[in-house]
Each structure stands twice: as structure tokens, then as C-alpha cells.
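I opened the model to look up its overall form first and then a handful of single residues. My notes follow in the order in which I made them.

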Amino acid sequence: MKNRLTKNLGLKILSVLIALGLWMIVVSINNPKITTTLGPVPVEVANANVITNEQKVYEVLEGTDFINVRVEGPRTIVDKMTVDNIKATADMKQLTFMDTVPITLSVVGVEGTVTAESRTKNMSIRIEDMKRKQMRIEVDVVGEPAEGHVIGTVSLNQNVVSLAGPESVISSISRAAIRVDVEDMNSDIQLEKQPVKLYDDRGKEIDGGRVTFSILAVNVDVKIMETKTIPLQFHISGTPAAGYAATGEVINNPSSIRIAGVGNTFHALQSLVIADSTLDITGATGNKEFVVDITRHLPVGVTLVDDDFEGNVVVTAVVEPLRQKTVHMPITNIFLKNIPEGYAVAVDDSEYANGRVAFTVRGLGDAYELFDGSTAIAEIDVKTLIPGEGELVEGRHTATATVSLPEGIQLFDGLNITIVAVKHSTLGTVNEE
């Protein structure tokens, strides 16, 4: 048996070698080696904390975060490969003084021998100091609400964002804002998850890809209010100096205001009446001007609409010198009271021509111009002519009359009337109260 195995041993070994060669030739023909390029393959960064622990950040330059990889291997393997079978890694622990990191390639998820290489040997980075900034989130409102409506309060569920990133980027950020469109809106707006955007000092949007946000989006609530125009009314107090009077005319600029609000209080407000204690013309000898901040008099929930009007209204109370003239009152308009029993007391009509008494009045305005004295009423208290506990003396007396005049008209220098008192007799027509 042993002889049979060893007989012609050389020929047998040669036969095996020839068979292997033939098998390899067949395999090479049916499954040859091929090369192909896969990409772009993302380059994973390892140990980034080597940089970030130093309060610095990095940026990959020249597109070296994605590379093309040339792979070589059996066709049956290579033909099925994708970028997922290539792992490219840049380990920050291998960072060079030129700010480059070698890229290591490996083939994963395949059985068989496949080689991989890339023309891009290194990842190029730029390292900067990290900077942090906290900013208030603003709201950029675009468009115009429906006619007769304005924007009221605008509120956010969060109004501050903290930012971190490269110093060159963070330093260029001037404002953080969200955008809300209110075009033709006539009711309140509630929006969720509105993205926070960054802008430079020229209003150009900044790419936030390298910036870390504490919040990426916020919810916003925009109140839409109705508007209307109402007149202003001012009540003046106080008495001008002697010889002067308020004409009743009050000039205010502006004479009306445009307001905004909602609800019953707003709808019921048809005018704004202001009786401010500062509107005092006591002692005035001419027009007196005031500046009134009407915002202090607006009901809660009602606001001014016009941005260029801060609420200060110039109010002018017109004060003029009193005019003076002589008018005449019929003596029949003079009444006497408290006449002692047993006396007859009457106006001495012999003193007054045509039965009319002349007296002087002062005033302003239409009421003064129309007043001729005929509607005045005078009253004399006869009791004032009796001395002490004595009795009324018969004869003529000069009595001071109290005169009732229309509003805005004043008696000047008083009015004295001559009367006649007769005991147990009648003189003329006696008017008694």
C-alpha cells in the first residue's frame, strides 16, 4: 500500500499543482479583480474633544469632509459595494502643526480582500476660539393687517437664545429674530416652532450651521386689534383774573386720536373726556396753554395707533378781557321781599325814565352780545334797610339789589335802586314776594 502511494510521487505532485493552476485560471477568468471609485464618502471625526476641551472650535476646509475612494478587489465583491462599506476617519489626536489630520480608510461589511485608497490623504481644518453670546429674540412682522386693524402685543414663549460657535461667526451676529406674516389678518395669530434666524448689522442672514443654539424655534402669539378715531374733550377749571373770562373755547391739537383695542370697553368709547387738575386757568389774563399726556387717561387695554404720536396734546384755553356795556331792565322785574307789616314799599318810578333801570354788565361771547337787560331779574331785601331792632323809616331809600343774569354775564359795580317806604299808605305799584 505504501508503495502505491509513493509510486510516481513527483508526477502526482505535479498533477496537483497543474490542477491548482487551472483552477486559478478559471477563477481569474470568471471573477477577475476590478477597481471602482465610490463617493462621496463622509469623513468621520474622532476625538474632537481634543479641540473642544480647549474652548476652541474647528471648521473643515476645502471640502475634505467628503472624499472619493478607489477600491480594488474581486468583481463579485466590488460590484456590490457602496459608500456604506467604506469608513473614513480623521482622528484629531493626529492633528499636525499645519492643521491637517490624516484620513484612515477601512473596508467594512464585506468578505474577501478589498483594498481602498484616496487621493485626499488629509482633512484640512481651521481652528478658532469659541465664543458665546446671549441675545434677545426679536419678531420681524411683515405685511399689513386687514383694514381697520393693527398689530397689538407680540409675545414669545421664549425670548432669549444662547449661541456658541466660532468667534468670527458669533462676532458678526447683530440680531436674532423670527418672521411673522400678518398680511390681511383680522384676528389673533398663534404660530408654533418658528425658526430662529441670525442676521448681521446689514440685515443679511447668517448661516447658522456652525452655531450651537440653546433653542432652535419658538412659539409666537400676535394680537390683532380693531381701530377707530375718537374726538378729544377737555374740561377747564379755575377763574381768570378780575376783568377776564374764559370764552368757553378750548383748542386742542390734535383734536382727535386714533386708538386700538378689543372688547366692550373699546367699543363703548366714543370720545375721550379729560378733566385734569392741571387744566387750571386761575388768575389768567390771556390764553393759557397746557400739554397733556393723554396716555394716562386711556382705559386699560386701549392704546394709541400712530407710531409718530406719543400722546402729548397741546391744549389752549381761550381767555379774553371782559367787554362792558350798559343795558336796561324793566322796573317790573324788580321784586321786594321782607316788607314790614303795615308798610307799603315800592320802587320810586319817578327816578327811572320809561320804567327802566340802567346798569352795567361785562361778558363775552354770543350770550353777552344778545343780552339787553330785559330778561334780568333783581331782588331787594327790605329788611336790610331796618336799623338794628328799630323800624323802617318812611321815605326814600337806596337799596342794593341782587341781580340774576344769564350764564357768562357779570354785573359791574353793582346795582342800587331807589325805593319809597310809606307807613299805612300805598305808593305806586308795590311788588311783593
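For the notes on secondary structure I use DSSP runs: helices are H or I runs of at least four residues, strands are E runs of at least two, and both are numbered from the N terminus.

**Ground rules.** The model is predicted, so I kept local features only at pLDDT of at least 70 and side-chain atom pairs only at pLDDT 80 or more, while totals for chains, interfaces and linings use all residues. Residues are numbered from 1 along each chain as its sequence is written, and side-chain values use heavy atoms, with hydrogens and water left out.

**Entry 1, whole chain.** I looked up the secondary structure and found seven helices and 30 strands. I then looked up the extent: the C-alpha trace spans about 195 × 40 × 35 Å along its principal axes. The radius of gyration of the chain is 53 Å, whereas a compact globule of 433 residues would have one near 22 Å. That radius is taken over C-alpha atoms, and the globule rule is 2.2 Å times the number of residues to the power 0.38.

I noted contacts next, where contact means heavy atoms within 4.5 Å. Of the contacts with a separation of 6 or more, 77% are between residues 24 or more positions apart.

For burial I took buried as under 20% relative accessible area, exposed as over 50%, and partly exposed as in between (1.4 Å probe, protein chains only). By that rule 33% of the 433 residues count as buried.

I also looked up charge, counting Lys and Arg as positive and Asp and Glu as negative, without His and the chain ends. Each charge is placed at NZ of Lys, CZ of Arg, CG of Asp or CD of Glu. There are 38 positive and 56 negative side chains, and the centres of the two sets lie 24 Å apart.

I found Val71 in strand E3, residues 66-74. Its relative accessibility is 0%, so Val71 counts as buried. Beyond neighbours within four places in sequence, Val71 has contacts that include Ile34, Leu38, Met81, Ile86 and Val114. I also took one distance along the chain: Leu279 is 208 residues from Val71, and their C-alpha atoms are separated by 93 Å.

Thr64 sits in the loop between strand E2 (56-60) and E3. I looked for polar contacts here, meaning pairs of N or O atoms within 3.5 Å; within protein one must be able to donate a hydrogen and the other to accept it, and residues adjacent in sequence count only if both atoms are side-chain atoms. A polar side-chain atom of Thr64 lies 3.0 Å from the backbone nitrogen of Ser124. Ser124 is also among the residues that Thr64 touches, along with Val43, Ile103, Thr120, Asn122 and Met123. Thr64 is buried because its relative accessible area is 7%.

Asn252 belongs to strand E16, residues 244-253. Its side chain has a polar atom 3.0 Å from the backbone oxygen of Pro254. Pro254 itself is in the loop between E16 and strand E17 (256-261), and the peptide bond joining Asn253 to Pro254 is cis, with omega about 5 degrees. Asn252 counts as buried because its relative accessibility is 13%. Away from its sequence neighbours, Asn252 touches Leu232, Phe234, Val313, Val314 and Val315.

The bond from Gly39 to Pro40 is cis, with omega near -5 degrees, and Pro40 is in strand E1, residues 33-46. Asn47 has a positive phi of about 60 degrees and lies in the loop between E1 and helix H3 (49-52). With a relative accessible area of 29%, Asn47 is partly exposed. Asp413 has a positive phi near 65 degrees and lies in the loop between strand E29 (409-412) and strand E30 (416-423). Is Asp413 buried or exposed? It is exposed, because its relative accessible area is 66%.

I ended with His397 in strand E27, residues 395-400. The side chain of His397 reaches the backbone oxygen of Val393 at 2.6 Å. At 16% relative accessibility His397 counts as buried, and the residues it touches include Leu385, Leu392, Ile417 and Ile419.
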